[in-house]
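Colleague: I would like a close look at one part of this model. Please also show what surrounds it.

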Amino acid sequence: NNEPFVDAINTSVRAIENDFPGVMSETVNSVDATEFGGNDRYNTLGCWGSDGVLSMNRNYTNIDKMNAVYDNTVKSGYHPSRGDKSGTEAVTFHEMGHAVTDHVAKNGWGKDIDDASKTIVDYAYSRINGKGGTKAAAGKISKYAQKNNAECVAEAFADYYCNGSKAKRFSKAIVDEAKRLSRTEPIPFS
């Protein structure tokens with residue numbers, strides 16, 4: 001019953017599907033507004049599940065409320081800017097980044113989402129001729145991107161799809177590598 005919230009999610013999902021054909025039909029089973037419990041009710045905006053379900057926190061289905069919460073995290077550097085997108089779109093892009101990484105893993109570029117995330121991050125870091133390590137490069141995207149490779153990829157997706165040409169260089173390289181790996185057959189190990 002919340003058209004702006006649903007529209008923001010649909011717009012974001014379509015943008016990812018356009019760049020990653022097959023992710024919705026092969027990896028994502030559903031996108032739902034879910035009632036989160038405990039601390040997650042107030043601390044988690046969305047999540048990706050290995051069951052192929054992208055869950056958005058029902059507590060933040062009000063666009064203005066999500067914008068306020070997301071903008072507060074941007075001020076502290078915890079998440080990248082949302083540019084001219086809504087907080088709902090930024091969170092959806094982040095979670096779809098996990099879905100795409102899962103898709104890349106299922107296409108043979110890793111044994112699981114964590115392994116595929118490392119592959120994507122390592123290739124992207126090499127692409128930009130990174131110096132100082134992937135964690136330092138991730139820190140230029142956001143504080144949360146430094147948590148692990150999976151969050152680095154997801155934060156890069158939020159940055160890239162919210163900020164376009166103004167996205168961080170590492171974010172652009174990560175999304176480019178995810179695109180490449182989502183349509184390239186892995187080289188078999190001998």
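Colleague: Which residues does Ser 12 touch, not counting residues up to four places away in sequence?

Modeller: Ser 12 touches Glu 89, Thr 92 and Phe 93, with residues up to four places away in sequence not counted. Contact means heavy atoms within 4.5 Å. This is a predicted model, where local features need pLDDT of at least 70, side-chain atom pairs count only at pLDDT 80 or more, and totals for chains, interfaces and linings use all residues. Numbering runs from 1 along each chain as its sequence is written, and side-chain values use heavy atoms, with hydrogens and water left out.

Ser 12 sits in helix α1, residues 3-19. Helices are DSSP runs of H or I, at least four residues; strands are E runs of at least two; both are numbered from the N terminus. The relative accessible area of Ser 12 is 0%, so it counts as buried. Buried means under 20%, exposed over 50%, partly exposed in between, with a 1.4 Å probe and protein chains only.

Phe 93 comes up again at Ile 16. Leaving aside neighbours within four places in sequence, Ile 16 contacts Val 23, Phe 93, Met 96, Val 100, Phe 157 and Tyr 161. Ile 16 also belongs to the largest nonpolar core, which has 49 residues. Such a core is a set of buried Ala, Val, Leu, Ile, Met, Phe, Trp, Tyr and Cys residues joined through side-chain atoms within 4.5 Å. Ile 16, Phe 20, Phe 157, Phe 170 and Ile 174 touch the most other members. Two or more residues come from each of α1, β3 (53-57), α4, α5, α6, α7, α8 and α9. The largest share, nine residues, is from α5.

Now α6, one of those contributors. Its buried residues are Ala 116, Ser 117, Thr 119, Ile 120, Val 121, Ala 124 and Tyr 125. They pack against α5 (87-109), α7 (134-139), α8 (149-163) and α9 (169-182). At the N-terminal end Asp 112 is the cap: a side-chain oxygen of Asp 112 lies 3.1 Å from the backbone nitrogen of Asp 114. Just after α6, Asn 129 has a positive phi of about 55 degrees.

Last, α4, residues 63-75, holds Lys 65. Lys 65 is at 36% relative accessibility, so it counts as partly exposed. Lys 65 touches Asn 59 and Tyr 60, again not counting residues up to four places away in sequence. Thr 88 is 23 residues from Lys 65 in sequence, and the two are 9.6 Å apart in space, C-alpha to C-alpha.

Conventions. Polar contact = N/O pair within 3.5 Å; in protein donor to acceptor, adjacent residues only side chain to side chain.
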